[in-house]
Amino acid sequence: IIFEHVLQLEGLNRESVWRELEWLLRNPKLVLAGCDESSVQDTETSDGGRWLKRTKRFGDLVIEDQVALIPDSRAEIHVAAGPTWPRSWQIIRLEEAEGKVLLTFSYEQENPQPSENPVFDKLRNEAYRNKDQALVDLIRQRAAQHEAARRQRNRRVSSSIPIEFFWGAAV
């Protein structure tokens with residue numbers, strides 16, 4: 001592991017965090033800075049998991065990756081080696097502890113070489129942390145929007161029920 005950190009989400013349940021995380025992984029253009037366009041192919045596995053094959057374009061640079069979605073548990077993002085980068089992968093684990101949802105972000109790469117410059121490692125890790133914090137912020141924002149929409153639907157449904165329903169006769 002070249003870098004790992006944990007971010008916590010208070011006030012959200014595991015299911016809503018997973019739902020939003022999966023949606024955002026299916027829409028990388030909305031999450032990755034500089035991503036001009038993206039496409040996603042979805043495949044279901046025999047055990048109920050899913051594989052996403054994503055193509056992301058950053059100007060002239062095209063990066064393909066595969067994402068394993070293990071429901072309510074983890075997402076694994078695998079990036080093949082390119083002309084100037086090694087094969088790498090990121091694992092996002094979803095856990096619960098003391099009423100809080102935790103997302104653990106782990107970054108790994110094939111044959112990691114010790115950096116000759118510790119400032120580079122610090123900057124890389126800071127970029128990972130900032131990217132992951134932005135992802136968590138989007139999860140919170142989308143979960144709050146879904147909760148507000150759910151409450152609005154419930155208010156409309158309850159306000160449209162005639163009072164006779166509650167009392168059994170006209171009042």
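## A charge over a ring

A charge is taken to sit over a ring if NZ of Lys or CZ of Arg is within 6 Å of the ring centre and within 35 degrees of the ring normal. In this structure Arg 142 lies over the face of Trp 23, at 3.6 Å from the ring centre.

The model is predicted, so that local features need pLDDT of at least 70 and side-chain atom pairs count only at pLDDT 80 or more, while totals for chains, interfaces and linings use all residues. Residues are numbered from 1 along each chain as its sequence is written, and side-chain values use heavy atoms, with hydrogens and water left out.

## Aromatic rings

A pair of aromatic rings is described by the distance of the centres and the angle of the planes. Rings of Phe, Tyr and Trp (its six-membered ring) are paired here if their centres lie within 6.5 Å, and planes under 30 degrees apart count as stacked, over 60 as edge-to-face and the rest as tilted. By this rule there are three aromatic pairs. One of them joins Phe 3 and Tyr 128, which is stacked because the ring centres are 6.1 Å apart and the planes stand at 25°. This pair links distant parts of the chain, since Phe 3 belongs to strand E1 (residues 3-9) and Tyr 128 to helix H2 (residues 118-159), 125 residues apart; helices (H or I, at least four residues) and strands (E, at least two) are DSSP runs, numbered from the N terminus. Both Phe 3 and Tyr 128 are buried, where buried means under 20% relative accessible area, exposed over 50%, and partly exposed in between (1.4 Å probe, protein chains only).

The rings of Tyr 107 and Tyr 128 have centres 3.7 Å apart and planes at 5°, so this pair is stacked. Because Tyr 107 lies in strand E7 (residues 100-109) and Tyr 128 in helix H2, the pair ties together parts that are 21 residues apart in sequence. Both Tyr 107 and Tyr 128 are buried, and ring pairs link Phe 3, Tyr 107 and Tyr 128 into a cluster.

## The nonpolar core

A nonpolar core is a set of buried Ala, Val, Leu, Ile, Met, Phe, Trp, Tyr and Cys residues joined through side-chain atoms within 4.5 Å. The largest such core has 28 residues, and those with the most contacts inside it are Leu 9, Val 17, Leu 103, Phe 105 and Ile 139. At least two residues of this core come from each of E1, helix H1 (14-25), strand E4 (61-70), strand E5 (74-79), strand E6 (88-97), E7 and H2.

With neighbours within four places in sequence left aside, Ile 139 is in contact (heavy atoms within 4.5 Å) with Leu 9, Leu 12, Val 17, Glu 20, Leu 21, Leu 24 and Leu 103.

## Helix H1 and Arg 14

H1 has twelve residues and reaches 16 Å from its first C-alpha to its last, close to the 16 Å expected at 1.5 Å a residue, the expected span being 1.5 Å times one less than the number of residues. Nine of the twelve residues of H1 are buried, which leaves the helix mostly covered, and among the buried ones are Arg 14, Val 17, Trp 18 and Leu 21.

A polar contact is a pair of N or O atoms within 3.5 Å; within protein, one must be able to donate a hydrogen and the other to accept it, and residues adjacent in sequence count only if both atoms are side-chain atoms. At the start of H1, a side-chain oxygen of Asn 13 comes to within 3.2 Å of the backbone nitrogen of Glu 15. Arg 14, itself in H1, has a polar side-chain atom 2.7 Å from the backbone oxygen of Asp 72.

## Asp 132 in helix H2

Asp 132 is placed in helix H2 and counts as buried, at 0% relative accessibility. The side chain of Asp 132 makes a polar contact with the side chain of His 5 (2.7 Å). Leaving aside neighbours within four places in sequence, Asp 132 is also in contact with residues including Leu 7, Gln 90, Phe 105 and Tyr 107.

## Two loop residues with positive phi

Most residues other than glycine have a negative phi, and most peptide bonds are trans. Asp 72, in the loop between E4 and E5, has a positive phi near 60° and is partly exposed, with a relative accessible area of 32%. Glu 98, in the loop between E6 and E7, has a positive phi near 50° and counts as exposed at 78% relative accessibility.
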